[in-house]
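Please keep the structure in view while reading.

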Amino acid sequence: MKHIDLFTPVDLISTDRGRDIDFHGRNPSVDEVWQLLELVPDPEIPVVSVVDLGIVRDVRDMKSGWEVDITPTYSGCPATDFIASEVERALDRAGLEAKIKTVLAPAWSSTWITAKGRQAMLESNIVPPVHDLNTLACPNCGSDQVNLKNQFGSTACKALYTCHTCLEPFDYFKTI
Amino acid sequence: MTALTQINSNHDALNTYILRMADNNLVLGQRLCEWCANAPILEEETALMNTSLDLFGQARNWLNYAVDRDASLQDCDAVTMLRDERSYLNMLICEQPNGNFADTMARHYLFDVWHRLTLEVLCNSANETVAAIAAKSILEVRYHEQRTRNWVIRLGDGTEVSHQRMQTALDDIWTYVGEMFTQDEAELSLVAQGVAPDQQTIASQWRDIVSATLAEATLTMPEDGYSQMGGKQGEHTEGLGIMLAEMQSLYRAHPGAVW
């Protein structure tokens, strides 16, 4: 089992499937549980954690266990159930009992993606949500000569673009 | 293993309304799935399947609420897979066969505008759960509407052949438009309580939006003639039974089957 220092910032890599934190039998603080969840990658975009994607809404210490609220990005997102079980498993591995609640209101918005999450997306050639589509630039070469190929990309939350300058296709994480 | 028991078909007004919303999505979503491996281009296939996924996800939210309110509906899968045609409460427009791509887009666009306008009002429903499900759905449905609207314009104001096919598609589907704006007693009681929107208001907004799009697409808005109705009360056109037979066969052969 790999233990990591809680307070060392870690970048998620695509092979991560949640790392382990041992609280050595003590009940952690709410902040520490948030930090633990920051190590749980989104299954579709593994460089971004479920916290940075804005899926984890609330963490509560219920004294007899923990309660975590998660919200789906899209109603039909096939990863929602998997994310719930990954969150539950992450807490379980840390020796914490957890109940996962799926909440619909308020509806998830792409503005909930954190700055860290946006940066991680960009670094893996996914353009994070923008307010004005005219400002959309190729993550590969920075050119603004880009063209929408398809309003839906590899997942429901992304659209597919191509760049006319470097000819690379790329994903755009849609604004909702 | 779940037993193949009959699903309750006597619903209160709210569950009737919830099931109608769910069934519209389920049935249209299933129709879109029939394009899988048949779509004209790969990108379009991805889009159709993703739209379908959104519709199924929204249907699941509605169905979970219906099941919460009435335990005799068992669960989300059972209520989808064990109800017969006559217990499905979707509008007829949603179950019409795919036809060609213009038929699919015409059907979908006319429904999308209705769906978006209805959800917009439902976001402020007196019922909090209804409002939450609507607020979640509308973000996705706005995007669907943008896409189908683009296609209606592109095909309408396209080549001679695409224009003619889109016009025929509109003429053919128009007989199912009227049902979207009908309301029975169950629905009117929810309108009075501020739970559901009044479809008469939505009808005029719908007309304005659709006629503007059709004008941009150089298409002629069909004349209102005879309206085919009954879907919301469980009386369906021929295609639905065949579609459900295919959709439900696996679950009925293996009750309780999950992915």
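Two residues are taken to be in contact if their C-beta atoms, placed from the backbone, lie within 7 Å. The model is predicted, so that local features need pLDDT of at least 70 and side-chain atom pairs count only at pLDDT 80 or more, while totals for chains, interfaces and linings use all residues. Residues are numbered from 1 along each chain as its sequence is written, and chains are lettered from A and ligands numbered from 1 in the order in which they are written.

Between the chains, 18 residues of chain B are in contact with 14 residues of chain A. On the chain B side, helix H2 (42-69) and H6 each supply at least two residues; helices here are DSSP runs (H or I, at least four residues), numbered from the N terminus. The largest share of that side, ten residues, comes from H2(B). By residue class, the side of chain B that touches chain A divides into seven nonpolar, six polar and five charged, where Ala, Val, Leu, Ile, Met, Phe, Trp, Tyr, Cys and Pro count as nonpolar, Asp, Glu, Lys and Arg as charged, and the others, Gly among them, as polar.

Within chain B, helix H7 (residues 160-173) has 14 residues and reaches 20 Å from its first C-alpha to its last, close to the 20 Å expected at 1.5 Å a residue; the expected span is 1.5 Å times one less than the number of residues. The buried residues of H7(B), those with 20 or more other C-beta atoms within 10 Å of their own, are B:Arg165, B:Met166, B:Gln167, B:Ala169, B:Leu170 and B:Ile173. These buried residues pack against helix H4 (92-95), helix H5 (101-122) and helix H6 (128-156) of chain B.

One of these neighbours, H6(B), packs with H7(B) at an angle of about 125°, with their axes 7 Å apart. Axes are lines fitted to C-alpha atoms, for helices over the stretch in contact, and angles run from 0 to 180 degrees between N-to-C directions. H6(B) is therefore oblique to H7(B), given that angles under 35 degrees count as roughly parallel, over 145 as roughly antiparallel, 65 to 115 as roughly perpendicular and the rest as oblique. In this contact, B:Val152, B:Leu155 and B:Gly156 of H6(B) meet B:Ser162, B:His163, B:Arg165 and B:Met166 of H7(B).

Helix H1 (residues 13-33) and helix H8 (residues 185-192) of chain B pack at an angle of about 105°, with their axes 9 Å apart, and are therefore roughly perpendicular to each other.

Note on methods: A residue is buried if 20 or more other C-beta atoms lie within 10 Å of its own, exposed if 12 or fewer, and partly exposed in between; C-beta atoms are placed from the backbone.
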